[in-house]
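Open the model in your viewer and keep the selection tool at hand. This tour goes from one selection to the next and says what is there.

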Amino acid sequence: MRLLIKNGRVIDPASKTDEILDVLIDNSRIANISKDIKNGSSQIIDATGKIIIPGIVDMHVHLREPGREDKETVLTGTLAALKGGVTSVLAMANTNPAMDCPESLDILKQIIKKSAKCNVYICAAITKKRQGRELVNIARLKKSGAVALSDDGVSVDEKVLFSKAVKKAKQSGILIICHCEDLRLSGGGVMNLGAVSTRLGLKGIPRESEYKRVERDIILAKETLGSVHIAHVSCKESVDIIAQAKKKGAKVTAETAPHYFTLTEEAVSGYNTNMKMNPPLRTQADRQAIIEGLKSGVIDAIASDHAPHTVNEKDVEFDRAEFGTIGLETSLSLGITELVDKNILTWPELVKKFCLNPSKILKIDKGTLRAGADADIAIVSADKEWTVDKKALISKSKNSSFLGRKLKGIVEYTICRGEIVYKYGIHR
Amino acid sequence: MKDKAQVLDQETISRTLMRIAHEILEKNKGTDDLCLVGIRNRGVYLANRLAECIRKIEGKDVLVGALDITLYRDDLTLIAEQPIVHKTEIDFDINDKNLILVDDVLFTGRTIRAALDALIDFGRPRSIQLAVLVDRGHRELPIRADFAGKNIPTSANERVEVRLEETDGKDEVVLGEDD
Amino acid sequence: MTNTAWTRKDLLGLEDLSREEIELILATAETFKEVSTREIKKVPALRGKTVVNLFFEPSTRTRVSFEVAAKRLSADVINIAVETSSVKKGETLIDTGTNIQALKADIIVMRHNCSGAAQVFAQHVDLSVVNAGDGWHEHPTQALLDIFTLKEKLGKIEGLNVTIVGDIAHSRVARSNIWGLSKLGAKVTVCAPKMLIPAGFEVFPAQVTHNLDEALAKADAVNVLRMQFERDGQTAFPEQMEYFRNFGITEERIAKAKKNILVMHPGPLNRGIEISSEVADGQNSVILEQVTNGIAVRMAVLFLVAQARDRKNAIANKKRPRN
């Protein structure tokens, strides 16, 4: 099947392309990108006035399957992804069973094969049952198809164990993703420690619990000559530490999530449990530092940390609510609204954070529109506005921090491996 | 409210109160065991004025109390404005007194019903008699005034407003209509 | 008296209230105080209404005070004590709320160990919700009765220096008092060991000191918080005797303070831990008056929220107001 996308603004940082072009797709791959491609019996999408970008690679997604299908499934999660222009997700390991052995990976791979609507990559655990005691067999998991390792949700507290994990990961050529949190400092906390937690009478999570662990993980990685990726960076000190480390040549990359460059701890006022996440929303100064970090390149990638939870788990006392917000459907729009529209990032820079950099970090062949690449594409109307409405969300869970918020930018088409899998409002 | 007509002027009000004072004294045979309790707000001012009249006539002081009936009303949700609870100040024992309950306008009788309930929580007077400046009819309960300054026949959508020097800057009773 | 109308169906905290609203509660409480001096200590203002005391955390004093207040207003009172542990496994907070609503209750007086619980609850029910203490967040009626007592004793709040001593970090009483007092123009100083002053405390309109003698020197009143050394376990806590030495309210300290300094305590007292018996029972203490005033203040609050809810419902049902 041939598909021709005409007259769109093609943005592909990998090839430094940013101009009005046509894109020809032939049999799941991009066949040609140039001006005025003649229509040879192909299906045509008129993309005049629209932006054509590589499909988003979201490297931090909780699909919850297997184990918590009441929150999300591979099917519902990937459908939500398509609505947000996301064509590849990295599924986190904190499922039940956890992704700590080839057998568990096989279960997930079967589910993916059966029901995934976009590319799903697997992040395996670092330790068995994510308990921080015993390392998984990294080489075997790599062989089973894992592209990264993370105990996301918890950090590996044991220094020696963590060092060993970094060393083995290096040998196997697999990425370690660090959830940086020292539970001895953050335990029992439910929001950022500071003025708002004090006003609301909620137990605070000190910023030290994050950045001290960022610091430790980077140091341990450096000692072992390995590399690490820091997940969901939320505070200024973390950004500073990563900046320093990068300057000194450490092999470290970092991601943040849209809520950290959009919201602050003030959003928790009113005890809205959709604003409860881990790491917590921080202060205005932190938000500013995250924005600066994105601008300067200290923060390489934007990932949603899509964390679905049921109504039962969110519609409760703030102390008892689960941590997390969903994000697949709002991620790109928040990037446009908060970063491009406010002149913090240019469109090509935004595409780098969403598509190219995550692909490079994960060493997967995605995130670009060059000829020959997989035809994973999102076509976006950058100026169209929409309001996040609970009822219109695709994700099985509706715990979005952005309900009721007006955002800019809608995904008109999502194309995955050459097929139109989503056309505004309709999944195919 | 739109004013339609003045029904009583200052002089008539003074004369009327003096007449009521005479009637009270006549019926109760003097000031022994007599006390006055006004219903907030205007009833209290009227009670004070009646006490003044009695002093002029008899040369004797009578006890005056103030009763707030907000907590005893049966129509709190129906009145237009949020009620503000005021203090009840009855600093004397009402047991075995001849108690004159004073209010400005007698209408449905519900205010008086509430006032009676409140008074009974304070004690057991020998008698309770009712004095009002204006009786405008339309009773919804079996209550009547023992002493009425003036009977003013009204229609249901009309309103009678008693204005007093102390609260409104001048004494008058006007008949008005809801806007 | 103020002319502000009370339009809230709930009382969740003092942070959201205006000065005028607080003054209205205090003025209303003054009239209710008289009711408790009568032979028949009862008015029919809430006759036919049902007040549910829903306590997720044990508390005898506050519950009894609300119960007496509701009964003096002729309301029917139901007490429900919920074991927090069973809540976790069983019914959710919202379910509990909607169930009580289905019983056609009118007011829920709620005590909960989670901050914000009353607020979440109030969003899900159309009953009136009165917060009787939520976590470390607010305990509005306690602060109102403290302020009422201060005003009654000292004639005003504007310009007073009030010191609050104790575990500020974990105290809802402190938070509500700071909001209420500062809105009425008092100067509030909190005094505690460093570890008991929470991070970001600057958000509160209050001075901080770690020196009790200094804090007492200019104080017109001192509100002594109950110290709970058993709480938490994780955060650092001062040693008990050392706390009493540095922050205990003793006769010697009161002797050095202003002559008529008022000593308040929300109860229950820990004699010899945060306050000495001599001071608790001494002439500066107004602790028992606080208890008495608590009833009047709670009557006022119950009356006002019930009125506001009734009026809201009446308007919703388009009942035409009549005079």
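Start with chain B and follow its elements from the N terminus: they run β-α-β-α-β-β-α-β-β-β-α-β. Helices (H or I, at least four residues) and strands (E, at least two) are DSSP runs, numbered from the N terminus. Chain B comes to four helices and eight strands. Its radius of gyration is 16 Å, close to the 16 Å that the globule rule gives for 179 residues, so chain B is as compact as a globular protein of that length. The radius is taken over C-alpha atoms, and the rule is 2.2 Å times the number of residues to the power 0.38.

A note on the model before going on. This is a predicted model, in which local features need pLDDT of at least 70 and side-chain atom pairs count only at pLDDT 80 or more, while totals for chains, interfaces and linings use all residues. Residues are numbered from 1 along each chain as its sequence is written, and chains are lettered from A and ligands numbered from 1 in the order in which they are written.

Stay on chain B and show the C-alpha trace, which spans about 45 × 35 × 30 Å along its principal axes. Buried residues make up 40% of the 179 residues in chain B; a residue is buried if 20 or more other C-beta atoms, placed from the backbone, lie within 10 Å of its own.

Next, select chains A and B together. These two chains do not touch, and their nearest C-alpha atoms are 28 Å apart. Two residues are in contact if their C-beta atoms, placed from the backbone, lie within 7 Å.

Which chains share the most contacts? Of the two pairs of chains in contact, the answer is chains A and C.

Chain C is divided into domain 1 (19–139 + 293–316) and domain 2 (140–290), with bounds from an automatic or database domain assignment. The centres of the two domains, taken over C-alpha atoms, are separated by 26 Å. Their contact takes 20 residues from domain 1 of chain C and 24 residues from domain 2 of chain C. On the domain 1 side, α1 (19–35), β4 (128–134) and α12 (287–316) of chain C each supply at least two residues. The residues on that side of domain 1 divide into eight nonpolar, seven polar and five charged. Here Ala, Val, Leu, Ile, Met, Phe, Trp, Tyr, Cys and Pro count as nonpolar, Asp, Glu, Lys and Arg as charged, and the others, Gly among them, as polar.

Terms used: Buried ≥ 20, exposed ≤ 12 C-beta atoms within 10 Å, placed from the backbone.
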